[in-house]
Amino acid sequence: MMSRYSATEIEAKWQEAWDKAGIFTADHKADKPKYYVLEMFPYPSGRIHMGHVRNYTMGDVIARHKLATGHNVLHPMGWDAFGMPAENAAMASGGHPKDWTYGNIADMRSQMKPLGLSIDWSREFATCDPEYYGQQQALFLDMLEAGLVYRKNAVVNWDPVDMTVLANEQVENGRGWRSGALVERRELTQWFFKISDYSEELLDALDTLENWPAKVRLMQENWIGKSRGLQFSFERTDEGEPITVYTTRPDTLLGASFVGISPDHPIARQLEAENPEVAEFVAECRKGGTTEEAIETAEKLGYDTGIRVKHPLDPSWELPVWIANFILMDYGTGAIFACPAHDQRDLDFCRKYGLPVVDTFFALDDDSPVDKIAFVPPKTVKVRWVNHFAGLTEATGEEAINATVDFAEKAGWGEGVTKYRLRDWGLSRQRYWGCPIPVVHCEKCGTVPEKKENLPIELPYDDGNGKPIDFSIPGNPLDRHPNWRDTPCPSCGAPAKRETDTMDTFVDSSWYYARFTAPRAETPTDLAEAEYWMNVDQYIGGIEHAILHLLYSRFFARAMNITGHLPKTAIEPFNALFTQGMVTHECYTPEGGSEKRGPFFFPEEVDREKKIKLDTGEPIWIFPSVKMSKSKKNVVDPMEIVQSYGADTARWFVLSDSPPERDVEWTASGAEAAFKHLARVHRIASEIVESDSPANADDETLLREMHKAIHDVSGGVESFGFNASIAKLYAFTNTLAKSKAGTAAKREAAKTLAQLMSPMTPHLSEELWQLLGGEGLVAMAPWPVADEAMLIDDTVTLPIQINGKRRAEISVAKDLDKAEVEKIALSTEAVQKALDGAAPKKVIVVPGRIVNVVV
RNA sequence: GCGGGCGUGAUGGAAUGGUAGACAUAUCGGACUUAAAAUCCGAAGGCCUUAGUGCCGUGUGGGUUCGAGUCCCACCGCCCGCACCA
């Protein structure tokens with residue numbers, strides 16, 4: 001009797017079998033090479049989405065392949081569980097962030113388990129577990145002691161109506177999301193990690209990350225932003241302190257038209273206190289959010305302070321000092337000189353305020369003066385200089401910068417300086433649902449670290465009066481908590497106050513990979529375990545984490561090494577990184593709608609064939625490839641797919657259509673097709689088992705194809721070419737289905753097919769493996785190895801090009817030498833016709849690939 | 001605004017600088033069937049009064065090369081990040 005493919009039955013059965021055999025429990029003691037594969041852990045929103053399925057399936061393919069190639073695999077899962085959504089939920093519909101979060105974790109875990117991932121669930125933790133964040137507090141104290149943490153002022157988004165700090169995403173068009181009030185930038189004392197001390201090292205070490213995408217390394221390099229420039233001071237015409245500026249283009253000093261200072265520069269601060277007009281201007285500059293984007297795109301504003309400075313090259317040349325809103329106090333010295341001819345921002349500013357524009361160099365072939373577009377050629381391009389002070393005539397920007405730094409240093413008025421764009425990492429958050437910062441503020445002793453034996457400093461569940469915390473009141477509930485805040489000073493014992501800020505959730509995710517190596521240890525890590533399991537051999541996640549999360553993690557690994565929690569070998573924690581694309585899906589709007597603004601219809605509200613809305617019959621538009629999101633009503637719930645088709649279908653589909661680093665478009669027909677294909681494989685295998693035909697001449701052809709499939713599929717899996725592996729699996733399935741080979745050969749081919757599919761469709765593969773008489777679990781069966789001799793064909797088909805266009809093809813023996821190939825190629829009719837008796841100008845023979853005849 | 005990336009048939013995509021469109025979807029045709037579903041077989045980038053190993057064709061325009069989807073330059077469009085979203 002032929003059995004039908006029933007995913008529900010098969011999947012539950014094999015998940016139970018894996019559990020029973022305990023094959024995914026990572027065991028330090030096993031006598032095999034270790035392999036640590038990690039996907040970026042999820043935020044527990046409550047529902048898994050297709051992006052999760054894709055991310056974890058990719059990791060699972062790697063993990064299962066490594067298991068089958070004899071590795072001791074660590075493949076853990078946890079929850080990035082602190083953060084704003086939990087507080088927002090409490091605000092919106094009552095309840096407690098903790099209950100909401102743990103409820104969501106339970107829901108998501110129950111949605112993930114049916115996917116059949118090879119995860120060691122015994123290592124699971126959530127960052128909001130006191131056991132985890134208590135160790136994070138210990139880590140913080142060690143870092144504080146090591147001088148890696150300090151306090152300073154920093155600006156935050158301030159909502160003047162709600163009297164609260166806003167996250168950047170809570171600022172919409174410069175206004176607070178709830179109050180609608182215009183947001184201001186306000187200073188607050190905050191805790192910082194000294195990541196900037198490691199700028200040079202984090203930059204240099206990028207070169208060692210060979211298995212990271214080049215684009216991610218480049219993004220980090222630009223983010224760290226090392227620059228060499230000149231620092232020097234402008235003497236003032238009054239008696240005031242000189243103004244120190246930093247410039248990366250000292251070569252354009254003769255094009256200076258003003259000196260600009262940040263609204264937060266000490267001189268601006270002083271004027272602000274003295275002069276109401278300046279105070280008003282500076283207040284205007286502080287309007288709007290803190291993001292670099294908001295600051296850079298804001299309209300350029302300037303205020304002439306009346307202060308004048310002397311040009312260092314010509315003391316009789318006076319430059320005005322302006323306060324300008326686009327100058328950041330955080331970068332360089334907070335003061336610049338503006339050269340409008342060669343900087344678009346400076347030019348826009350000068351045109352607006354009628355300041356002079358002086359060209360200092362021209363293109364070699366064009367000497368038209370700058371008008372509305374600044375002339376900013378790449379620094380490697382040679383330009384012609386106008387009366388250059390260091391004597392240059394024609395030189396590249398690079399050469400000019402070096403020459404002018406030398407010139408200023410020799411003349412004694414300036415100094416070559418290296419600076420970085422990377423700022424220290426502010427970790428304070430004025431919020432409840434995060435890891436409490438374990439310090440106490442004492443009137444006598446100042447800021448005192450909490451004692452380690454008092455850790456974890458746990459978040460209070462209620463408001464201190466036995467009532468639920470009221471999250472509808474703006475501001476941090478910890479800050480208004482009557483007794484959680486009050487605590488004796490760890491140093492002198494006098495009444496003191498706890499720090500009520502909690503940590504940035506990036507802290508939580510900066511060391512979880514290390515914690516997975518010993519998740520129940522009573523110290524942040526267990527060195528022996530960390531030494532064995534680290535580094536993460538393959539890390540997989542979204543490109544949106546290319547900079548912050550990955551840079552912070554690299555810093556934290558270094559900090560953990562310094563504080564004795566990680567070995568020196570683990571300071572670059574991720575040996576290989578892969579950034580996967582999103583899952584998209586079409587969305588539906590009325591005719592004339594927009595894929596950005598909608599309005600949107602749910603898939604069940606429309607007939608996509610007829611392109612109408614079902615209830616009203618009105619015409620609709622279909623936009624393909626839109627990022628799945630609730631607001632666009634185009635989310636496909638993985639659980640529905642798992643229930644109707646099975647996990648293997650969902651897994652197969654998310655891997656099949658697109659290269660992993662690119663977005664994949666979810667389509668109903670694609671999912672249906674994936675299911676049909678798996679059912680077909682099941683049917684083919686069943687038919688083979690029931691057949692009985694003798695060995696014959698087709699056996700070798702099938703087995704040759706089988707070895708090619710082993711080679712190609714393995715290659716795809718090893719190089720993140722999952723879509724290519726799947727294409728090959730389709731092709732090999734077609735070959736097998738059509739083959740006239742004998743039963744024994746077909747059975748062997750089908751067993752190999754089941755094995756090759758097992759990282760992608762593990763349940764179906766187990767079923768087929770059993771059906772075809774495989775021993776034990778396919779998950780533990782040694783990965784097949786291609787026989788090199790079976791991969792090579794005796795003859796190859798070579799295309800013949802004439803002047804680069806394909807005109808003919810020849811079939812020759814694989815190892816025929818070049819001269820012979822050339823002779824055969826030249827004798828073809830097409831070539832003879834093209835040559836028309838003349839000799840070819842040139843013949844290029846690429847063995848095994850192509851022949852090109854130039855006539 | 002700044003930094004990074006992507007762009008190939010109707011659709012998702014394949015292609016160490018070497019036969020563009022593998023594999024799949026949708027479509028169309030055929031077989032099987034009383035019929036449908038399922039399954040199996042096949043066609044298919046565009047163009048053409050010459051149906052040809054014909055011409056054109058990988059966002060647009062240039063360039064390098066015997067040869068460019070692939071490398072370089074410029075432009076257009078879309079996506080990601082911009083330090084308190086995770």
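Predicted model: local features only at pLDDT ≥ 70, side-chain atom pairs only at ≥ 80, totals over all residues.
Residues are numbered from 1 along each chain as its sequence is written, chains are lettered from A and ligands numbered from 1 in the order in which they are written, and side-chain values use heavy atoms, with hydrogens and water left out.

**The whole chain**

Stay with chain A. Its C-alpha trace spans about 105 × 90 × 65 Å along the principal axes. Of the 855 residues, 53% are buried. Buried means under 20% relative accessible area, exposed over 50%, and partly exposed in between, with a 1.4 Å probe and protein chains only. The accessible surface comes to about 38,800 Å², and carbon and sulfur atoms account for 50% of that (Shrake-Rupley method, 1.4 Å probe; for residues, only the protein chains shown count as cover).

**N173**

Select N173, in the loop between β5 (171–172) and β6 (175–176). Its phi is near 50°, a positive value in a residue other than glycine. Most residues other than glycine have a negative phi, and most peptide bonds are trans. N173 counts as exposed, at 79% relative accessibility.

**R236**

Next, go to the loop between β8 (227–234) and β9 (243–247), where R236 has its place. Is R236 buried or exposed? At 14% relative accessibility, R236 counts as buried. Residues that R236 touches, beyond those up to four places away in sequence, include E241, I267 and R308; contact means heavy atoms within 4.5 Å. The R236 side chain also makes a polar contact with the side chain of D238, at 2.9 Å. A polar contact is a pair of N or O atoms within 3.5 Å; within protein, one must be able to donate a hydrogen and the other to accept it, and residues adjacent in sequence count only if both atoms are side-chain atoms.

**T393**

T393 is in the loop between β15 (382–385) and β16 (394–396). T393 is exposed, with a relative accessible area of 57%. Leaving aside neighbours within four places in sequence, T393 contacts V383, R384 and W385.

**The cysteines**

How many disulfides does the structure hold? It holds zero, a disulfide being a pair of cysteine sulfur atoms within 2.5 Å. For C489, the nearest cysteine sulfur is that of C442, 3.7 Å away. C489 is buried, at 4% relative accessible area. For C492, the nearest is that of C445, 3.6 Å away; C492 is partly exposed, at 33%.

Select L455 and P456: the peptide bond from L455 to P456 is cis, with omega near -5°. P456 is in the loop between β21 (446–449) and β22 (486–488). Then move to the bond from M534 to N535, also cis, with omega near 5°.

End at F720, in the loop between α20 (698–718) and α21 (722–738). F720 is not a glycine, yet has a positive phi of about 60°. F720 is buried, with a relative accessible area of 9%.

How values were computed: Helix = DSSP H or I, 4+ residues; strand = E, 2+ residues; numbered from the N terminus.
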